[in-house]
Amino acid sequence: MLILEKISKQFDNKLALDKIEGRVEAGEVVAVIGENGSGKSTLLNILGTFLKPTEGKLYYNNIDVFGSPESINEYRKLVTYVSENSQFISELNLKDNLSYFKYIFKSEKDIYSISEQVGIENFLNHKPSRLSKGQRQRLSLAISLLKDAKIVLLDEPAEGLDVETKAVVKNIVKSFKDKGCIVFYVTHDEDEVEEVCDKILVLKNGKTTFFGNVDEFWEKYEKFYSVTYYEGAKKTTKVVNIDELRSIQEKGKVSHIRNLGLREIINLSEELVKK
Ligand SMILES: Nc1ncnc2c1ncn2[C@@H]1O[C@H](COP(=O)(O)OP(=O)(O)OP(=O)(O)O)[C@@H](O)[C@H]1O
Ligand SMILES: [Mg+2]
């Protein structure tokens with residue numbers, strides 16, 4: 001179990017995180033969402049021990065992670081982290097990259113089956129520079145899979161990438177979950193996450209505005225839809241709740257319905273509260 005106790009991070013004159021609290025059990029996936037600059041990456045960097053909190057504590061199975069250099073080192077062995085900025089050695093081909101990290105992580109895992117899992121098995125003799133952005137990101141994911149991690153930190157690993165790479169990430173999240181890992185998943189693809197996440201953490205300006213499970217989220221926030229429909233010959237697009245959607249559907253010809261993403265819904269709910 002991972003416990004976040006009033007974790008704050010101050011950068012010069014910016015309070016990037018303000019007393020973040022939370023408790024996450026083994027096998028739980030936490031989606032971290034919030035607008036740009038809300039503190040998502042700062043939080044993941046603290047959970048990965050790349051940054052030290054200015055205040056507060058992080059406990060993993062009752063061990064105070066930042067309590068001593070030894071506890072930081074022990075904890076680090078259990079953490080794997082993938083961000084948009086991929087990490088690998090550009091001089092080595094994919095197979096050698098994987099072999100190198102396998103050695104570093106003292107991993108028993110099979111690099112071929114991991115390559116297949118992320119769909120890079122046909123590029124093992126290529127250098128990373130020959131790969132597309134999505135393929136490179138899959139290499140980073142493959143490297144993260146080599147480690148026998150208990151805590152998995154994914155900071156927008158498929159941001160701006162193709163549907164296949166996003167599907168790979170989703171499957172990886174599922175397999176980490178099945179293995180009992182704790183996963184923190186920062187993403188802009190919130191709807192995709194809804195399928196695999198147990199909890200949602202919403203950050204705004206460094207503060208938690210929501211932390212709970214998916215059902216609790218829908219108790220607090222209403223679902224909204226963007227609907228395009230015809231009123232006679234006139235085509236209109238509108239954001240509506242479920243009742244309004246039903247009445248539009250009864251009345252006329254609907255051309256398109258899109259579920260709003262979690263982030264859009266959060267912003268909209270805040271607007272409604274203000275009004
Ligand atoms: N090393 C740093 N030094 C000073 N300020 C920083 C540093 N890192 C982050 N910040 C600031 O802390 C705040 C939170 O940044 P963070 O990168 O955690 O946001 P984010 O939610 O990940 O945003 P994005 O969606 O753009 O990735 C921002 O105001 C940012 O400018
Ligand atoms: Mg970020």
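Select serine 255: apart from neighbours within four places in sequence, serine 255 is in contact with Thr228, Tyr229, Tyr230 and Lys235. Two residues are in contact if their C-beta atoms, placed from the backbone, lie within 7 Å. This is a predicted model, in which local features need pLDDT of at least 70, side-chain atom pairs count only at pLDDT 80 or more, and totals for chains, interfaces and linings use all residues. Residues are numbered from 1 along each chain as its sequence is written, while chains are lettered from A and ligands numbered from 1 in the order in which they are written.

Stay on serine 255. The residue lies in strand β13 (residues 253-259); helices (H or I, at least four residues) and strands (E, at least two) are DSSP runs, numbered from the N terminus. Is serine 255 buried or exposed? Serine 255 counts as exposed because it has 12 C-beta neighbours inside 10 Å. The cut-offs are 20 or more other C-beta atoms within 10 Å for buried, 12 or fewer for exposed, and partly exposed in between, with C-beta atoms placed from the backbone.

**Whole protein**

Zoom out. The protein has 10 helices and 13 strands, and its C-alpha atoms fill a box of roughly 65 × 45 × 35 Å along the principal axes. Of the 275 residues, 35% are buried. Colour by pLDDT, the predictor's confidence in each residue, from 0 to 100. The mean is 91, and 97% of residues reach 70 or more. Among the elements, strand β1 (residues 2-11) has the highest mean pLDDT (98) and helix α7 (residues 190-196) the lowest (72).

**Domains**

Next, colour domain 1 (2-78 + 149-217), domain 2 (88-146) and domain 3 (220-274) separately; the bounds come from an automatic or database domain assignment. The C-alpha centres of domain 1 and domain 2 lie 24 Å apart. Eight residues from domain 1 and eight residues from domain 2 form the contact.

**Nonpolar core**

Select Val30, Val32, Val183 and Tyr185, which have the most contacts inside the largest nonpolar core, a set of 64 residues. A nonpolar core is a set of buried Ala, Val, Leu, Ile, Met, Phe, Trp, Tyr and Cys residues joined through C-beta atoms within 7 Å. Helix α5 (residues 133-146) gives the largest share of this core, six residues. The core lies between domain 1 and domain 2 because both give residues to it. Beyond four places in sequence, valine 30 is in contact with residues including Val24, Val183, Tyr185 and Leu201.

Move to serine 144 in helix α5. Serine 144 is buried, with 24 other C-beta atoms within 10 Å. Not counting residues up to four places away in sequence, serine 144 touches Thr80 and Val82.

**Ligand 1**

Last, select ligand 1. Which residues are around ligand 1? They are Phe11, Asp12, Lys14, Ala16, Gly34, Asn36, Gly37, Ser38, Gly39, Lys40, Ser41 and Thr42. A residue is near a molecule if its C-beta atom, placed from the backbone, lies within 6 Å of it. β2 (14-24) and α1 (40-47) each supply at least two residues of this shell, and the largest share, three residues, comes from α1.
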